[in-house]
Amino acid sequence: MTTLEFQHVTKVYNVRGSGQLKALDDVSFSLTSHQTIGLVGQSGSGKSTIAKILTQLERPTSGTVLLDGKPVPTFGKGLRRYRQQLRMVFQDPFASLNPYHSIRHHVERPLRLDRVVPPAEVDAEVRRLLERVRLDADAVIDRRPHELSGGQRQRVAIARALASRPSVLVADEPVSMLDVSIRLGVLALLSELQREEGLGVLYITHDLATARHFSDEIMVLNQGRIVERGAADDVILDPQDPYTRELRAASPDPEKHFQELAAQNAGGAR
Amino acid sequence: MTDTLLSVRDFSVVYDVDPPVRAVKNVDLEIGRGEIVGLAGESGCGKTTLAYGVQRLLRPPAVITSGSVTFHDEDGIDVDLNTLDAEHMRRFRWDKISMVFQGAMNALNPVATIGSQLEDVFEVHRPELGRAERRRAVVELLEIVKVGGQRRRSFPHELSGGMRQRVMIAMALALRPQLMVMDEPTTALDVLVQREILRQISQLRHEFGFSVVFITHDLPLLLEISDRIAIMREGEIVELASAERIWNAPQHEYTQRLLASFPRLTGQKGVVAR
C-alpha cells in the first residue's frame, strides 16, 4: 500500500508585471493505491499545478509532499526512484511521443533506465506491456507514432507509464484530445489496469460526467483551493459547495434538459 | 419550423489527391429561418468540409463535384451560390452568411486592437459608413456580446479566451447575417465559459432571428441547444431529426453508438444506451 500526501501545499508564482499568483492555496489531500480520485475544476483552478508538484516538476512554495509518511526526495537517485513510482499520462498523445522514435523505443527506455528487467528480457517485456494495453505488439512495435491513431498512441503512452511498475498514475486530461467514440475505451482500459495492478490514479479532468464514471472519489478545485471532496456520486448528484453546483449546472446534461422540457410541456398542457 | 433559409441539395466534395477522398457524399440539408441545426460527427467525418463547401471556402485539392446551394434571402430573392462570381460571393459572405471558425479566438491579429479589427469589417462591407458611425457600430457590437465598448482599445492578449471568442461572435454578428456557421466555437473553453457563451448565442438568436449551424463532436451539448441535429459519418448524414428524437429514439446504429460514448452526468450511473 502506497500513500501520497499533500500537506498544506501552497504554490505562488511570480507573474511579471502583475505581482503574485496563488495557484494553490493550502491544499491537503491523500491518494492511496487501489483508488481513483477525480480532480475537477475549470481552467486556471490549479489542477495541473497539483500534477506538476506531485511529479516534482515544480516545488511547493510552502507545505510538503509525503510518500508513505516521508518527505518526497527533491534531487538525485531518490527523486528518480520516486518518479519510478509515480508516472504521468499526458493530454496530447501527438506531443508526448517522440516522432523520430519507434514504439519499441518509447516503451523500452524506462525499462532500461530503471533496470526493471534484465536486458535479455526487455523485448519480451515491451511486448507484454503493449498487449497489456490491448495493442497488437507485432503490428505496432516497429512503427512510429504518426503511423498510429490517437487512441493507439495514448495506449502506447499508458504502456510507457506502466513500464517502471509505478504505484501511482497521474492522468491529466488523458482522453480530451481523442475522438469521442474511443474515449470511453481508453478510460475503461485505465480503470481496468487500475484495479488489476492496484494503482492509485489521479484523474485530472474538466469533464464531470467521466469523472463521476471512473473515480471512486472526486475533489473539486476552485482558485487553488479544494472546495469539496467525497464519494463520486455524492459530489456530482448532491453537491454541497456552490462552486461545485455551478460546475454541474454548466455541464451539458441532456437527460435533465429533456426531463425539464417534458415537465414544461406537461405544465403548459394543464 | 418556419420557412427555409438555405437548401443544400446533393452536395459532394472530393479531395483530389491520390487516391481521391470523397469527404462529403450527396448531402441534402435544409436550414430553417431562425433554426439552430447541430452538425455532429467525429474528426474526419466531413462536417467542416461541408460547412466550408457550402460557402465555397474550400481550396484545391478540394473540388465540389455535385450539388447546389440555394439561399432564400429574407427579401424574397433566391440566390444560387454556385452562380455567384468571385466579387458577389465575397460580398455575400459575412453579409448573409457569417462564420465563426474553429480556434477563431486565436485568429485575431495580435498587433491590432480589437476595435480596429471590428472596424475593418465595416470598412470593407459598408464603405458608405463614416468613421464615427463605424466606431459607434463597433462599440454597440462589443456591448451586445457583453465585452463592453471600452474594450475596443484592448489588444487580443489583454482579453481572456472567453472574451476573445465573444469578440469573434461580435465580428460574425456585425452585418446582421441571416445565418451563422459556428465550427467548434466553444471547444477550447472550459465549461463555465462555454455555458455563458451558449446562453449568449441563443439570446442573440432570439433578438436578431438568425439561423445557426453549430458544428461539434460534443453531442450532449448539441442535444441541449439544437432544434434539429444532423449526425455525420464518412461524408454522409446518416441521421437527421429533432434533438428530442435523436435523444429519445435514435434510428441509426452510429447515432446510438455516439450517444453511448457519453457517460451520464446525472441519473443512473452508466452510459446512454438505446
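Guide: A crossing of two helices is left-handed if the near helix is turned anticlockwise from the far one by less than a right angle, and right-handed if clockwise. The structure discussed here is a predicted model.

Visitor: What is the handedness of the crossing of H6(A) and H7(A)?
Guide: Helix H6 of chain A covers residues 150-163 and helix H7 of chain A covers residues 180-197. For the crossing of H6(A) and H7(A), the computed hand is right-handed.

Visitor: Which term describes how H6(A) is oriented relative to H7(A)?
Guide: The axes of H6(A) and H7(A) come within 10 Å and cross at roughly 15°. Angles under 35 degrees count as roughly parallel. Therefore H6(A) and H7(A) are roughly parallel.

Visitor: How many residues of the contact of H6(A) with H7(A) are nonpolar?
Guide: On the H6(A) side, the contact has Gly151(A), Gln154(A), Arg155(A), Ile158(A) and Leu162(A). These meet Ile182(A), Gly185(A), Val186(A), Leu190(A) and Leu193(A) of H7(A). By class, the contact has one charged residue, three polar and, as nonpolar, six.

Visitor: Which residue is the bridge partner of Tyr15(B) in E2(B)?
Guide: Strand E1 of chain B, residues 4-15, pairs with strand E2 of chain B, residues 21-32, in the antiparallel sense over eight bridges. A hairpin of five residues joins E1(B) to E2(B). Across this pairing, the partner of Tyr15(B) is Val21(B).

Visitor: Which residue in E4(B) does Val13(B) stand opposite?
Guide: E1(B) is also joined by eight bridges to strand E4 of chain B, residues 62-72, and the two run antiparallel. In E4(B), the residue opposite Val13(B) is Ile64(B).

Visitor: How many charged residues are on the side of chain B that touches chain A?
Guide: The contact takes 26 residues from chain B and 26 residues from chain A. On the chain B side, helix H6 (191-208), helix H7 (219-225), helix H8 (243-248) and helix H9 (253-259) each supply at least two residues. That side of chain B has 11 nonpolar and six polar residues, and its charged residues number nine.

Visitor: Is Arg126(B) buried, exposed or partly exposed?
Guide: Arg126(B) lies in the loop between helix H3 (114-125) and helix H4 (131-144) of chain B. A residue is buried if 20 or more other C-beta atoms lie within 10 Å of its own, and exposed if 12 or fewer. Because Arg126(B) has 14 other C-beta atoms within 10 Å, Arg126(B) is partly exposed.

Visitor: What separates the C-alpha atoms of Arg126(B) and Ile169(B)?
Guide: Arg126(B) and Ile169(B) are 43 residues apart along the chain. In the model, the separation of their C-alpha atoms is 18 Å.

Definitions and conventions:
Residues are numbered from 1 along each chain as its sequence is written. Chains are lettered from A and ligands numbered from 1 in the order in which they are written. This is a predicted model: local features need pLDDT of at least 70, side-chain atom pairs count only at pLDDT 80 or more; totals for chains, interfaces and linings use all residues. Axes are lines fitted to C-alpha atoms, for helices over the stretch in contact, and angles run from 0 to 180 degrees between N-to-C directions. Helices (H or I, at least four residues) and strands (E, at least two) are DSSP runs, numbered from the N terminus. Angles under 35 degrees count as roughly parallel, over 145 as roughly antiparallel, 65 to 115 as roughly perpendicular and the rest as oblique. Two residues are in contact if their C-beta atoms, placed from the backbone, lie within 7 Å. Ala, Val, Leu, Ile, Met, Phe, Trp, Tyr, Cys and Pro count as nonpolar, Asp, Glu, Lys and Arg as charged, and the others, Gly among them, as polar. Two strands pair if DSSP finds at least two bridges between them.
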